[in-house]
Amino acid sequence: MATKWIWTTANGPHPPNMVPGGQDSDGCTIYVGRAHHSGDLLPAKVIPAKNAAYVAYGGGEHFVDGFEVLCQKELIWDNAHGGIIPPDAICGGNTADGEPLYVGRAYHEGSQTVGKVQSSHGCVYIPYGGAEVAVHSYEVLCER
């Protein structure tokens, strides 16, 4: 099955079949997205209930207004750690140097948050609380 990225904005409209990625600490559903920021195409956490989307970059959490959301029905989250990328992982973007970035998620301070798995760094980076947080045990979104 192919994945499909659909362009939208923080204010919507949002497609009905967006892929859920987690839950914010206040209970709002976080969806899988991606956005351009500083020359990179980065996985993003999308929170339609808050008209917001964020990426982790350069040590910070950055709001993005325009982005793509992942739409698909047959995806799973595979456990991983230390930079490991499971087979059939969903590539959510790339660095300016061309390194693939995969869609990942991790638990942090009561939130299950979507972020970028950067294999060369051995972790997933999530945008949280105004910062870019590195987590070494995470899940990677995979197509099965």
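1. I would start with the pair Glu-139 and Arg-105, which form a salt bridge whose closest N and O atoms are 2.7 Å apart; the term stands for a side-chain nitrogen of Lys or Arg within 4 Å of a carboxyl oxygen of Asp or Glu. The pair links distant parts of the chain, with Glu-139 in strand β14 (residues 137-143) and Arg-105 in strand β10 (residues 100-108), 34 residues apart. Glu-139 counts as buried at 16% relative accessibility, and Arg-105 is buried as well, with a relative accessible area of 12%. Here buried means under 20% relative accessible area, exposed over 50%, and partly exposed in between, with a 1.4 Å probe and protein chains only.

2. A word on the basis of these remarks: this is a predicted model, in which local features need pLDDT of at least 70 and side-chain atom pairs count only at pLDDT 80 or more, while totals for chains, interfaces and linings use all residues. Residues are numbered from 1 along each chain as its sequence is written, and side-chain values use heavy atoms, with hydrogens and water left out.

3. On the overall fold, the protein chain has zero helices and 14 strands, where helices (H or I, at least four residues) and strands (E, at least two) are DSSP runs numbered from the N terminus. The radius of gyration is 13 Å, close to the 15 Å that the globule rule gives for 144 residues, so the chain is as compact as a globular protein of that length; the radius is taken over C-alpha atoms, and the rule is 2.2 Å times the number of residues to the power 0.38. Along the principal axes, the C-alpha atoms fill a box of roughly 35 × 35 × 30 Å.

4. Of the 144 residues, 53% count as buried. Among contacts (heavy atoms within 4.5 Å) between residues at least 6 apart in sequence, 57% join residues at least 24 apart.

5. On charge, the chain has 8 positive and 15 negative side chains, and the centres of the two sets lie 6 Å apart. Lys and Arg count as positive and Asp and Glu as negative, without His or the chain ends, and each charge is placed at NZ of Lys, CZ of Arg, CG of Asp or CD of Glu.

6. The structure holds six salt bridges, and one of them joins the side chains of Asp-24 and Lys-50 at 2.7 Å, N to O. Asp-24 lies in the loop between β2 (20-23) and β3 (29-37) and Lys-50 in the loop between β4 (40-47) and β5, so the pair ties together parts that are 26 residues apart in sequence. Asp-24 is buried, with a relative accessible area of 9%, whereas Lys-50 is partly exposed at 37%.

7. Glu-61 forms a salt bridge with Lys-45, with 3.0 Å between the closest N and O atoms; Glu-61 is in strand β6 (residues 60-63) and Lys-45 in strand β4, 16 residues apart. At 21% relative accessibility Glu-61 counts as partly exposed, while Lys-45 counts as buried at 3%.

8. Asp-78, in strand β8 (residues 75-81), counts as buried at 19% relative accessibility, and its contacts beyond four places in sequence include Glu-139 and Arg-144. Ala-56, in strand β5 (residues 52-57), counts as buried at 2%, and its contacts beyond four places in sequence include Leu-42 and Tyr-125.
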